[in-house]
Amino acid sequence: HRHLTGIAGLEPHQILFLLDEAEQWVEANRDRARVDKRLAGLTQINAFFENSTRTLLSFEIAGKRLGADVVNMHAAQSSVKKGETLIDTAVTLNAMRADVIVIRHSSSGAVQLIADKVDCPVLNAGDGWHEHPTQALLDALTIRRRRGSIAGQRVVICGDILHSRVARSNMLSLTALAAEVRVVAPSTLMPAAIERMGVTPFTSFDKALDGADVVMMLRLQNERMNGAYIPSTREYHELYGLTPERLERARPDALVMHPGPMNRGIEITSSVADHPERSAITEQVEMGVAVRMACLDVLTRRERGIEGWA
Ligand code: CP
């Protein structure tokens, strides 16, 4: 694998390899003296055609901690605004001899299109409804560290499953690692034939929560609705909001997760999001830096003349 465009196509042992690689960076980040500058001399371009806080900053921090020269291209300030095409933008980045390119784009497949045009590894930082692979890896790492394993865990993913690249990448990685995955959404926000993903669909959040080990909440992606019927904010909170009372239906030690950004009071109540023992939301952000360090390191190994990954 030269690029990381998605979890699809990765074997379970490759997912586990990236998680194992990330473990060393969790510890090293807590004790900064232990981070070596193995990417020194490499140029990393983060090309973000869509807004981001966590993914952009953690890819930037990850590259800098490993010694790369990191430059960010924000589409809003770029020549994309003057009508430059995605392919012309890719060719331009390539001509600058980037050693690794990280891309976020609102169109599904845009990252693969760029990967096909450039000479260096490309990492998908989220493309449309398609995939957000580093999010799924950081979620898997968080679950493994907090629950001891991923296999056999009952993971409930609740929200806008239809439009969510986070849900899609997580369904792929968690089923590959033998978790039991339940997905919950209003019927208009549930993809057709979702069972083919190896998950069990529910329209009742209360039923899905029975015996849950992990509850992963997603945001309603209003920017992607395209006319799909969605309940009012109040109705959505009533039916699909994670409240302390509803969390009682899950296991007493169930973990609460959210990729962010959160809409407090809609899909999750603040007292749950901020729960000192149950919530893993800030830990997810911490794991995000470690996972992105691992992905940048592993995917640039060939450029650095060392063996890549299986
Ligand atoms: N989870 C996530 O992708 O957050 P950002 O959109 O802030 O990067």
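User: Happy to have the model open! Which strand holds Arg 104?
Analyst: Good place to start: this is a predicted model, where local features need pLDDT of at least 70, side-chain atom pairs count only at pLDDT 80 or more, and totals for chains, interfaces and linings use all residues. Numbering runs from 1 along each chain as its sequence is written, and side-chain values use heavy atoms, without hydrogens and water. Helices (H or I, at least four residues) and strands (E, at least two) are DSSP runs numbered from the N terminus. Residues 100-105 form the element that holds Arg 104, namely strand 3.

User: Is Arg 104 buried or exposed?
Analyst: The scale calls a residue buried under 20% relative accessible area, exposed over 50% and partly exposed in between, using a 1.4 Å probe and protein chains only. Arg 104 has a relative accessible area of 7%, so Arg 104 is buried.

User: Where is His 132, and what is its relative accessible area?
Analyst: Look at the loop between strand 4 (122-127) and helix 5 (133-147), where His 132 is found. His 132 counts as buried because its relative accessible area is 3%.

User: What is the length of the polar contact between the side chains of His 132 and Arg 104?
Analyst: A contact means heavy atoms within 4.5 Å, and with neighbours within four places in sequence left aside, His 132 is in contact with residues including Thr 55, Arg 104, Arg 165 and Arg 292. A polar contact asks for a pair of N or O atoms within 3.5 Å; within protein, one must be able to donate a hydrogen and the other to accept it, and residues adjacent in sequence count only if both atoms are side-chain atoms. The side chains of His 132 and Arg 104 are joined by one of 3.2 Å.

User: Which residue's side chain makes a polar contact with the side chain of Arg 165?
Analyst: Arg 165 sits in helix 6 (residues 165-176). Arg 165 counts as buried because its relative accessibility is 7%. At 2.8 Å, the polar partner of its side chain is Glu 50.

User: UniProt places a "binding site" feature at Lys 82, Arg 165 and Arg 219; how far apart do the C-alpha atoms get?
Analyst: That feature comes from an unreviewed UniProt entry; positions follow the numbering used here, feature names are shortened, and annotations may be inferred rather than shown by experiment. The residues span 138 residues of sequence and are spread in space as well, with C-alpha atoms separated by up to 31.4 Å.

User: Where does Lys 82 lie, and what is its relative accessible area?
Analyst: Lys 82 lies in the loop between strand 2 (69-74) and helix 3 (86-95). Lys 82 is exposed because its relative accessible area is 71%.

User: Where does Glu 303 lie, and how far is its C-alpha atom from that of Met 171?
Analyst: Glu 303 is in the segment after helix 11 (281-299) and is partly exposed, with a relative accessible area of 31%. Sequence neighbours within four places aside, Glu 303 is in contact with Arg 2, Asp 99, Asp 119, Cys 120 and Pro 121. Met 171 is 132 residues away along the chain, and the two C-alpha atoms are separated by 31 Å.

User: What percentage of the 310 residues is buried?
Analyst: The protein chain has 11 helices and nine strands, and its C-alpha atoms fill a box of roughly 55 × 45 × 35 Å along the principal axes. Of its contacts between residues at least 6 apart in sequence, 75% join residues at least 24 apart. The buried share of the 310 residues is 55%.
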